[in-house]
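Please look over the model below with these notes beside it. They are numbered so that each point can be checked in turn.

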Amino acid sequence: MKDEENMIRLVLLGGPGSGKGTQADILKKELEMVKLSTGDLLRREIQEDSGLGIEAKSYMDRGELVPDSVMIGILEKITADFEKEQQSYILDGFPRTIPQAEALLKMMEKQGVALTMALLIDVPEEELVRRLSSRWTCMSCSATVGYPEGKPDNAVCPQCGGELYQRDDDKRETILNRMSVYKKNTEPLIAYFEKKGLLEKVAGTGGPVAVSERIKTLFKEKGIV
Ligand code: AMP
């Protein structure tokens with residue numbers, strides 16, 4: 001919990017597989033923030049077989065986006081809770097469309113607060129496809145691990161020892177669709193936030209530690225930490 005003027009409200013942008021989730025996990029620990037991953041939230045709903053989960057699954061399995069109206073409703077409620085608790089937060093996977101970004105900024109205006117930064121983790125497309133095709137996810141903690149040479153039979157989550165699985169939407173055909181959905185719907189957010197003076201970029205190549213060091217340097221330069 002922080003004083004209102006010290007609160008950080010961060011949007012992470014980047015293609016599927018750019019490392020948003022991993023970087024959000026690192027920031028969350030180091031800066032006492034909470035992470036809201038809309039993908040993780042929807043996957044939990046699917047596991048619980050809830051109404052939202054059943055609706056979301058049909059879109060997610062095809063690599064399509066869940067409708068804006070559904071996502072905006074969820075975000076409105078959760079960000080209101082963060083403000084009530086004066087909790088700094090990271091959005092991983094939201095916004096994914098211009099209408100979602102507009103709704104988010106409007107929501108913040110209504111709450112009388114401002115977005116600190118939209119941070120783009122920049123990774124070339126060929127690298128994204130390569131990472132996603134070799135990505136395995138932990139059933140328990142959602143951490144991801146890359147196995148470019150194939151997953152060893154006895155591999156478990158390096159973070160918590162949990163069982164690893166390959167997300168349905170990390171299969172090759174769906175990956176290609178997710179990439180084209182990203183380019184069409186989400187990439188325009190880069191120019192959108194840039195125009196508003198809210199965009200910052202870091203190179204997302206190299207390992208998670210290298211990327212996290214770049215983010216920390218940027219945050220220091222901007223006086224965020
Ligand atoms: P992710 O874990 O962020 O890669 O998200 C997995 C899938 O969840 C996406 O391919 C979408 O189908 C869905 N999803 C997650 N966040 C959003 C969002 N903000 N808007 C629409 N669909 C989303």
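1. Glu32 sits in the loop between α1 and β2; helices (H or I, at least four residues) and strands (E, at least two) are DSSP runs, numbered from the N terminus. Glu32 is not a glycine, yet has a positive phi of about 50°. Most residues other than glycine have a negative phi, and most peptide bonds are trans. The bond from Phe94 to Pro95 is cis, with omega near 0°, and Pro95 belongs to the loop between β3 and α5 (98-111).

2. On the basis of these notes: the model is predicted, local features need pLDDT of at least 70, side-chain atom pairs count only at pLDDT 80 or more, and totals for chains, interfaces and linings use all residues. Residues are numbered from 1 along each chain as its sequence is written, and side-chain values use heavy atoms, with hydrogens and water left out.

3. An open sheet is formed by 5 strands in the order β2-β3-β1-β4-β8, with parallel pairing; two strands pair if DSSP finds at least two bridges between them. Each of β2 (34-37) and β8 (199-203) has a single partner strand and stands at an edge, so one side of each is left without a neighbour in the sheet. From one strand to the next the twist averages 25°. Within this sheet, 4 bridges pair strand β1 (residues 9-13) with strand β4 (residues 117-122) in the parallel sense. Leu10 has Met117 in β4 as its bridge partner.

4. Which strands does helix α1 (residues 20-31) lie across? They are β1, β2, β3 (89-92) and β4, and the helix runs at about 170° to β3. Helix α8 (residues 188-195) lies across β1, β4 and β8, at about 130° to β8. Contact here means heavy atoms within 4.5 Å. Axes are lines fitted to C-alpha atoms, for helices over the stretch in contact, and angles run from 0 to 180 degrees between N-to-C directions.

5. A sheet of 3 strands, also open, has the order β6-β5-β7 and antiparallel pairing. Its edges are β6 (144-146) and β7 (164-165), each with a single partner strand, so one side of each lacks a neighbour in the sheet. Strand β5 (residues 135-138) is joined to β6 by 3 bridges, and Trp136 stands opposite Val145 in β6.

6. The ligand has 16 residues around it, of which Thr38, Arg43, Glu64, Gly93 and Gln100 come nearest; a residue is near if one of its heavy atoms lies within 4 Å. Helix α2 (residues 38-47) gives the most to this shell, with 4 residues. By class the shell divides into 6 nonpolar, 4 polar and 6 charged residues; Ala, Val, Leu, Ile, Met, Phe, Trp, Tyr, Cys and Pro count as nonpolar, Asp, Glu, Lys and Arg as charged, and the others, Gly among them, as polar.

7. How far from a nitrogen atom of the ligand does a polar side-chain atom of Thr38 lie? The distance is 2.8 Å, while for Gln100 a polar side-chain atom lies 2.9 Å from a ligand nitrogen atom. A polar side-chain atom of Arg178 lies 3.3 Å from an oxygen atom of the ligand. Taken alone the ligand exposes 480 Å², and the protein buries 96% of that; accessible areas come from the Shrake-Rupley method with a 1.4 Å probe.

Terms used:
Polar contact = N/O pair within 3.5 Å; in protein donor to acceptor, adjacent residues only side chain to side chain.
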